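Please open the model in your viewer and keep the sequence panel beside it. The stops below each begin with something to select.

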Amino acid sequence: MEPSTKEIRSDLKRHLGRARRNLLSTWDRASDDHDDAGMRWYRTAHETCLNLSSALDVPFEAFVGVVSALSPQMRWEDNIEAARGTIEDPDYRAPTYGANLKKAAEILAGRDPLEVLGGPKTKAFYRCILDPTQRESVAIDRHQIRLLYPKASDSFRRKMLDGFYRELE
């Protein structure tokens, strides 16, 4: 049985204090250079996608959509190479889930990425790369959840991630 919104909200409130302490502790240990790199991450991702979309003669929105579609469970460097391979070679099979490959193909065929992308993380990731100055979308992924709850089980982390996105909707 799926937890109710009230139960999820209660769990989030109960666990947010611990998550906040974990986040601030990690942030306090980060170097200034690391902080700066983190603050620039989406601007750098935007520029990378802009340059590659131009080099590959693909609309910027479509390139970012392909990157977002292929992104789950993939390192950034691998994600960019998978997007490039998917665009350059119709026989290339990116190392990702079949459903994500299908979404990438639909985006390259001209469909609106926001209509194709499935989960809230990939849609938020798309919006954050497309416009790194926007403040409406937040891409919360397994890395942030692991940072907030380093000792928690994967099922607990998944529950919290789902809860965060429900609260944001």
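**Before selecting anything**

This is a predicted model, in which local features need pLDDT of at least 70 and side-chain atom pairs count only at pLDDT 80 or more, while totals for chains, interfaces and linings use all residues. Residues are numbered from 1 along each chain as its sequence is written, and side-chain values use heavy atoms, with hydrogens and water left out.

**The whole chain**

Show the chain as a cartoon and follow it from the N terminus: the elements run α-α-α-α-α-α-α-α-α, which gives 9 helices and 0 strands. Helices (H or I, at least four residues) and strands (E, at least two) are DSSP runs, numbered from the N terminus.

Switch to a surface, and the protein exposes about 10,600 Å², of which carbon and sulfur atoms supply 51%; accessible areas come from the Shrake-Rupley method with a 1.4 Å probe, and for residues only the protein chains shown count as cover. Of the 169 residues, 38% count as buried, where buried means under 20% relative accessible area, exposed means over 50%, and partly exposed lies in between (1.4 Å probe, protein chains only). Among contacts (heavy atoms within 4.5 Å) between residues at least 6 apart in sequence, 59% join residues at least 24 apart.

Select Leu 23, Leu 24 and Trp 27, which make a nonpolar surface patch of about 270 Å². Patches are made of residues with over 30% relative accessible area and no salt bridge, like charges being joined within 9 Å and nonpolar side chains (Val, Leu, Ile, Met, Phe, Trp, Tyr) within 5 Å. Leu 23 has its place in helix α1 (residues 5–29) and counts as partly exposed because its relative accessibility is 34%.

Select residues 76–88, which form helix α4: its 13 residues reach 18 Å from the first C-alpha to the last, close to the 18 Å expected at 1.5 Å a residue, the expected span being 1.5 Å times one less than the number of residues. Colour the buried residues of α4, among them Trp 76, Asn 79, Ile 80 and Ala 83.

The closest N and O atoms are 3.2 Å apart between Arg 75 and Glu 77, and 3.2 Å apart between Arg 75 and Asp 78. Arg 75 is exposed, with a relative accessible area of 51%, whereas Glu 77 is partly exposed at 46%, as is Asp 78 at 36%.

**Helix α5: a salt bridge along the helix**

The structure holds 5 salt bridges, and another to display is that of Lys 102 with Glu 106, where the closest N and O atoms are 3.5 Å apart. Lys 102 and Glu 106 are separated by about one helical turn because they are 4 residues apart in helix α5 (residues 98–108). An α-helix has 3.6 residues a turn, so residues three or four places apart point the same way.

**Ser 68 in helix α3**

Is Ser 68 buried or exposed? Select Ser 68 in helix α3 (residues 60–70): at 0% relative accessibility, Ser 68 counts as buried. Its side chain reaches the backbone nitrogen of Tyr 126 at 3.3 Å, and, not counting residues up to four places away in sequence, Ser 68 touches Leu 117, Thr 122, Phe 125 and Tyr 126.

**Arg 127 in helix α7**

Move to Arg 127 in helix α7 (residues 120–130), which is partly exposed at 34% relative accessible area. Leaving aside neighbours within four places in sequence, Arg 127 is in contact with Leu 114, Gln 134 and Ser 137. A distance drawn between the C-alpha atoms of Arg 127 and Leu 114, 13 residues apart along the chain, gives 8.9 Å.

**Two loop residues**

Finish with Asp 57, in the loop between α2 (32–55) and α3, and Gln 73, in the loop between α3 and α4. Asp 57 has a positive phi, near 55 degrees, in a residue other than glycine, and is exposed with a relative accessible area of 70%. Gln 73, also not a glycine, has a positive phi of about 65 degrees and is exposed with a relative accessible area of 54%.

Methods
A salt bridge is a side-chain nitrogen of Lys or Arg within 4 Å of a carboxyl oxygen of Asp or Glu. A polar contact is a pair of N or O atoms within 3.5 Å; within protein, one must be able to donate a hydrogen and the other to accept it, and residues adjacent in sequence count only if both atoms are side-chain atoms.
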